[in-house]
Amino acid sequence: MIRPTPVAAYAFVFLLLGLALLRRESPILSFPFLTYLALGYLRAPRRVQLRGTRTLDAHQSTEGDTLQVTLSVVNAGPALEGLHVRESIPVPLQRRSGSSEAWVRLASGEDVQLRYTLRVSRGFHRWGPVRLIATDALGISAIRLSLGRLSEIVVFPEVQRLKAIRIRPRATRMYSGMVPTRRGGPGVEFFDVGAILPGDPLHRVNWRASSRHLDLLFMNEFEQERVADIGIVVDARNRSNAVSQELTMLNASVRAAASLASAFLQDGNRVAMLVYGGHLDWTYPGYGKTQQQRILTALARCRAGESEYFDQLDQIPSRLFPPHSQIVLVSPLLKEDVGPLVRLRARGYPLLVITPDPVSLEASVFGRTTDDLLAVRIARTERSLLIRSLRRAGIRCTEWDVTQPLVPSIQPGLSRPGHGFGPSGSGYEHAQPRCLSCGGHRCLHVGALPPCI
Amino acid sequence: MGIAAFTLALSLLASSKPPLALAAIILGSLWFAGLFRGWPGVTEIGLFLVVALTVVGILLYGPLFLHLFAVACALAAWVLDRYARGPARRAVPEEHRVERAHLVRLLTALGVGMALGLLSWLVRVSLSFLWALALGSIAVYGLYRSSILWQREPDE
């Protein structure tokens, strides 16, 4: 597009100079400008009739996938000497190939097609109408119009397959599942030895125990396995979610929550989810694939937010969760979160905290100066103390270095038996001293505090 | 823009003003340098300076044809630069078709403008000051009204 204003301004200048100086050369010099404007105006598009369609090759996708978009504009009116087609791509999506913009001539009945491929990221993304500018060949006169309906795509977070997650909530539901209940009955894990009752199958008799008593027979009891109520809480508070280049703590938390929900639902549990940030986004408890879809949809729309009321984790509405049910918190954790979490634990909710490590994320973009390294060491020390204090309160904590893949990082911590009722089974045994320079358990850094092994 | 500067320099030399001719040559050189180095706004400034030097040339009674040619060349350089920096720069499926049409229209417009200019130089019509003022005012007002019409929203 050429803006006609400067061209007209120069023509003005020459005309006015001609009048002011009473010299006829000056208006003559405005002729190239005037003919340029006049020709543009004479050839301007008078009537524009365009039809456009946008086709997305999917309306639901998973983060990191590619999406092909085809935009077709048909000229149903007279020929257009210049047509600028511009598609506004929703901001977080990145174009991988193809073009979302074109400048073409369109004869009557002719069409133009734009094809481009996007790399999609989590969220609900909307395309607005296509912006079109019909111009003359000189680009002087323009008719601007918008075309097409809104298009939308939902991009779910990536779900990674976690294997067994060992949880032991006090309360379970009545249906068979994978969660040990601390009650004898049908199951696979040995639980206790008890006196045999009429009708019990003989193959369950514990002959070794029975041989010690002349008049009694004992049988093996197994631990019942049931489904449990699990509430997943995603911390979406702005101040706890650091952002570093493309990677955000919230995205990491969402990915972890999606994988955990999927794993729990596959084991037959009843799972609910609460997004805790600027507001509460509650997904009612449910089972199966439908519930998984509901949770993924809630996670797709999850955004970090700020609220004075929900600034502290104290406001987690624990009554949403059945008493003694398992709560899984996915949060980068702040210093002041210890108190609310300990209180929640004291109310009888076994807590499992998956904590993406913001220090490693921020350290990855820091420089390597002495001051930077010292800052990272101090931050690691503070975080180490925070996690220790949670573990001492009987809260299972699994740290995740978000620069590493999710499953290998958290699976070992989740597969270990964790009763969640005291330091012995609280995962405290994993709290080995970590090197404050590199974060590893065993390294050869000299001068690291606490000293490396 | 280089041709415009060179033509202006010739015109100013013809008016016995070598320092101004040198200024025109420097202007052309700076435009070339700016084009290769990607200086922002170099063509806009170039067009403005060519117009300013042309006005000086008129005041010095320089040859009109050279001034007309210089102004037309500077306008063409400015339009082509704007066109190249505009949306046409990005991916265009039928780039050459649109570019060729644009170039043909531009050359036509400037050719017609120069021809009309020369014609009006040859044809002399005596006008009183009031007539000239009235016609000039009508031209200025018409230009103002049409510049509003050029940018308009669609009827449907």
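This is a predicted model: local features need pLDDT of at least 70, side-chain atom pairs count only at pLDDT 80 or more; totals for chains, interfaces and linings use all residues.
In chain A, four strands form an open sheet in the order 1-3-7-5, and their pairing is antiparallel. Strand 1 (50–56) and strand 5 (94–98) of chain A stand at the edges of this sheet, and because each of them has a single partner strand, one side of each is left without a neighbour in the sheet. On average, and with direction ignored, neighbouring strands of this sheet are turned by 25° against each other. Strands of a sheet pair through backbone hydrogen bonds, which may be arranged in a parallel or an antiparallel manner. Here, strand 1 of chain A runs antiparallel to strand 3 (residues 66–75) of chain A, and seven bridges join the two. Within this pairing, A:Thr53 has A:Ser72, in strand 3 of chain A, as its bridge partner.

Where the two chains meet, 46 residues of chain A are in contact with 50 residues of chain B. On the side of chain A that touches chain B, two or more residues are given by each of helix 1 (4–21), helix 2 (25–29), helix 3 (31–42), strand 4 (80–86), strand 6 (101–106) and strand 10 (142–147) of chain A. Helix 1 of chain A supplies the largest share of this side, with 11 residues. By residue type, the side of chain A that touches chain B is made up of 31 nonpolar, nine polar and six charged residues.

Leaving aside neighbours within four places in sequence, B:Ala101 is in contact with A:Glu81, A:Arg105 and A:Ala137. B:Ala101 has 17 other C-beta atoms within 10 Å and is therefore partly exposed. Between the C-alpha atoms of B:Ala101 and B:Leu49, which are 52 residues apart along the chain, the separation is 29 Å.

In soluble globular proteins, nonpolar side chains tend to be buried together. The largest nonpolar core of this model has 85 residues, and those with the most contacts inside it are A:Ile232, A:Val234, A:Ala257, A:Ala261 and A:Met273. Helix 5 (residues 249–266) of chain A gives 12 residues, the largest share of this core. Because domain 2 (50–156) and domain 4 (229–430) of chain A both give residues to this core, the core lies between them. Not counting residues up to four places away in sequence, A:Ala261 touches A:Ile232, A:Val271, A:Met273, A:Gln292 and A:Ile295. A second, separate core has 50 residues, including A:Phe14, A:Ile140, B:Ala21 and B:Leu27.

The backbone angles of two further residues are also noted. Most residues other than glycine have a negative phi. A:Arg182, although not a glycine, has a positive phi of about 65°, and A:Leu333, also a residue other than glycine, has a positive phi near 70°. A:Arg182 is found in strand 12 (residues 176–195) of chain A, whereas A:Leu333 lies in the loop between strand 19 (326–330) and helix 7 (338–346) of chain A.

Notes
Residues are numbered from 1 along each chain as its sequence is written. Chains are lettered from A and ligands numbered from 1 in the order in which they are written. Two strands pair if DSSP finds at least two bridges between them. Axes are lines fitted to C-alpha atoms, for helices over the stretch in contact, and angles run from 0 to 180 degrees between N-to-C directions. Two residues are in contact if their C-beta atoms, placed from the backbone, lie within 7 Å. Ala, Val, Leu, Ile, Met, Phe, Trp, Tyr, Cys and Pro count as nonpolar, Asp, Glu, Lys and Arg as charged, and the others, Gly among them, as polar. A nonpolar core is a set of buried Ala, Val, Leu, Ile, Met, Phe, Trp, Tyr and Cys residues joined through C-beta atoms within 7 Å. A residue is buried if 20 or more other C-beta atoms lie within 10 Å of its own, exposed if 12 or fewer, and partly exposed in between; C-beta atoms are placed from the backbone. Domain bounds come from an automatic or database domain assignment.
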